[in-house]
Amino acid sequence: MENDSAIRELVSACVGQTGAPVTALRKIMATHGHITDEHVGIVADVFNLSRADVRGIVSFYSDFSTTPRGRKHIRICQAEACQAVGCRGLTREVSAALGLGLGETSEDLAVSLEGVYCLGLCASGPSAMVNERIIAHATREDLLQ
Ligand code: FES
């Protein structure tokens with residue numbers, strides 16, 4: 001596999017840290033944009049976990065993705081408090097402007113759109129994130145600029 005030794009080195013550098021498998025997976029996300037089956041196998045091997053254990057971690061945290069995300073990754077909260085202040089309409093507008101549904105990435109990997117369920121800004125919705133930036137009272141313009 002391409003970069004197998006580089007990934008193994010990246011993952012091995014996390015051994016001994018608190019929450020090491022999660023930290024290793026975060027590093028893989030940061031460097032590769034998504035987590036492949038090969039990455040899962042390396043993390044399982046380095047931390048003496050089963051592949052199912054690692055897949056469980058990957059599927060539990062919404063920060064992890066097994067499919068490539070766009071360089072600009074837009075997440076819009078879809079939970080109840082944000083629904084009450086218009087997240088569904090905002091999602092429809094952004095989705096139409098991008099030509100992407102929730103969970104989709106543009107072919108050129110420029111942008112991806114995802115629904116999330118609570119970003120901890122329930123009193124300031126609709127809430128969203130663009131890459132690592134959290135946005136309160138998000139508007140179409142905030143997300144598409
Ligand atoms: S419900 Fe949207 S941030 Fe909590």
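Predicted model: local features only at pLDDT ≥ 70, side-chain atom pairs only at ≥ 80, totals over all residues.
- Val46 is found in helix H3, which spans residues 37-46, and with a relative accessible area of 22% Val46 is partly exposed, since the range for buried residues is under 20%.
- Although 32 residues separate Val46 from Cys14 in sequence, the C-alpha atoms of Val46 and Cys14 are 9.6 Å apart in space.

**The aromatic residues**

- A search of the whole structure finds two aromatic pairs, and in one of them the ring centres of Phe60 and Tyr61 are 4.9 Å apart with the planes at 85°, so the pair is edge-to-face.
- The rings of Tyr61 and Phe64 also make an edge-to-face pair, because their planes stand at 75°, with the ring centres 5.8 Å apart.
- Phe60, Tyr61 and Phe64 form one aromatic cluster.
- What are the relative accessibility of Phe60, the relative accessible area of Tyr61 and the relative accessibility of Phe64? Phe60 counts as exposed at 65% relative accessibility, Tyr61 is partly exposed with a relative accessible area of 37%, and Phe64 counts as buried at 8% relative accessibility.

- Strand E1, made up of residues 72-77, is mostly covered, as six of its six residues are buried.
- Lys72, Ile74 and Ile76 point one way from E1, whereas His73, Arg75 and Cys77 point the other way, and all of these residues are buried.
- In a regular strand, the side chains alternate between the two faces of the sheet.
- E1 runs parallel to strand E3, which covers residues 111-116, and six bridges join E1 to E3; within this pairing, His73 stands opposite Ser112 in E3.
- E1 also pairs with strand E4, residues 128-130, in the antiparallel sense over three bridges, and here the bridge partner of Arg75 is Met129 in E4.

How values were computed: Residues numbered from 1 in each chain as written. Heavy atoms only, no water. Helix = DSSP H or I, 4+ residues; strand = E, 2+ residues; numbered from the N terminus. Buried < 20%, exposed > 50% of the residue type's maximum accessible area, 1.4 Å probe, protein only. Phe/Tyr/Trp six-rings, centres within 6.5 Å; stacked < 30°, edge-to-face > 60°. Pairing = 2+ DSSP bridges.
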